[in-house]
Amino acid sequence: MTTSRSEQLDDIDRALLRLLSKNARSSGSALAGELGIAESTVSLRVRRLQRSGHITGYHADIDLNALGAPIQAIIAVRLTKHARAEIERFRAEAPTWPGVMALFHMGGRDDYLLHLAAHNSTELRDFVVDYLTGHPAVAHTETNLVFEYARGTGWYDLLS
């Protein structure tokens, strides 16, 4: 029987991951104080969590409204055929298109979900026409506007 990566974590590792997910810019001394351990221990554990793949990066949450891009959409995409070359081509291109924040490869009716930010509805429409409607791999799209986004914390239960 193999052990999962989450089984290799102890309570301090789990608490460290929770704290970093709330604020990835927390200093080693702040994390050490919160956890009641030495700052050098925090540094060693963070490096180990990075090497093991538990921490894959650090990201800033950007206020898109402040950038003048208040429109967000989730666009469901169905491909014309499921040939590996078409899938890989779409997968390689889509994340680089203007405004794309994330790309999700899905199981079910839709093949992909694109999370997109735009300055206005015209820019959103033009994106769909310029990048999706004319793309040879795309059979159908459905655009859903995002009214509000709330970051979830329910995944913290996975650290238990």
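Predicted model: local features only at pLDDT ≥ 70, side-chain atom pairs only at ≥ 80, totals over all residues.

Trainee: Which feature does UniProt place at residues 9–70?
Mentor: Helices (H or I, at least four residues) and strands (E, at least two) are DSSP runs, numbered from the N terminus. By that count the span 9–70 is 53% helix and 0% strand, and its end C-alpha atoms lie 39 Å apart. UniProt positions follow the numbering used here, names are shortened, and annotations may be inferred rather than shown by experiment. The unreviewed entry calls this span "domain: HTH asnC-type".

Trainee: Is Ala66 buried or exposed?
Mentor: Ala66 sits in the loop between α3 (39–51) and β1 (71–79), and its C-alpha is 31 Å from that of His54, 12 residues away along the chain. Buried means under 20% relative accessible area, exposed over 50%, and partly exposed in between (1.4 Å probe, protein chains only). Ala66 has 64%, so it counts as exposed.

Trainee: And what is the C-alpha separation of His140 and Ile75?
Mentor: His140 belongs to strand β4 (residues 138–146), and at 33% relative accessibility His140 is partly exposed. Along the chain, His140 and Ile75 are 65 residues apart, yet their C-alpha atoms are separated by 10 Å.

Trainee: What is the volume of the largest pocket?
Mentor: On a 1 Å grid over the protein atoms alone, a pocket is an open set of points with protein on both sides within 12 Å along at least five of seven lines, whereas a cavity is a set where a 1.4 Å probe fits but cannot get out; lining residues have an atom within 4 Å of a point. Points are joined across faces, edges and corners, and a volume is the space filled by probe spheres set on them. For the largest pocket this gives about 890 Å³.

Trainee: Which of its 25 lining residues are closest to the centre?
Mentor: Ala, Val, Leu, Ile, Met, Phe, Trp, Tyr, Cys and Pro count as nonpolar, Asp, Glu, Lys and Arg as charged, and the others, Gly among them, as polar. On that basis the lining has 10 nonpolar, 10 polar and five charged residues. Closest to the centre are Leu20, Ser21, Gly57, His59 and Trp155.

Trainee: How many aromatic pairs are there?
Mentor: Rings of Phe, Tyr and Trp (its six-membered ring) pair if their centres lie within 6.5 Å; planes under 30 degrees apart are stacked, over 60 edge-to-face, and the rest tilted. The count by this rule is six.

Trainee: What geometry do Trp97 and Phe127 have?
Mentor: Trp97 is buried at 10% relative accessible area, and Phe127 is buried too, at 5%. Their ring centres are 6.1 Å apart with 65° between the planes, which makes the pair edge-to-face.

Key
Residues numbered from 1 in each chain as written. Heavy atoms only, no water.
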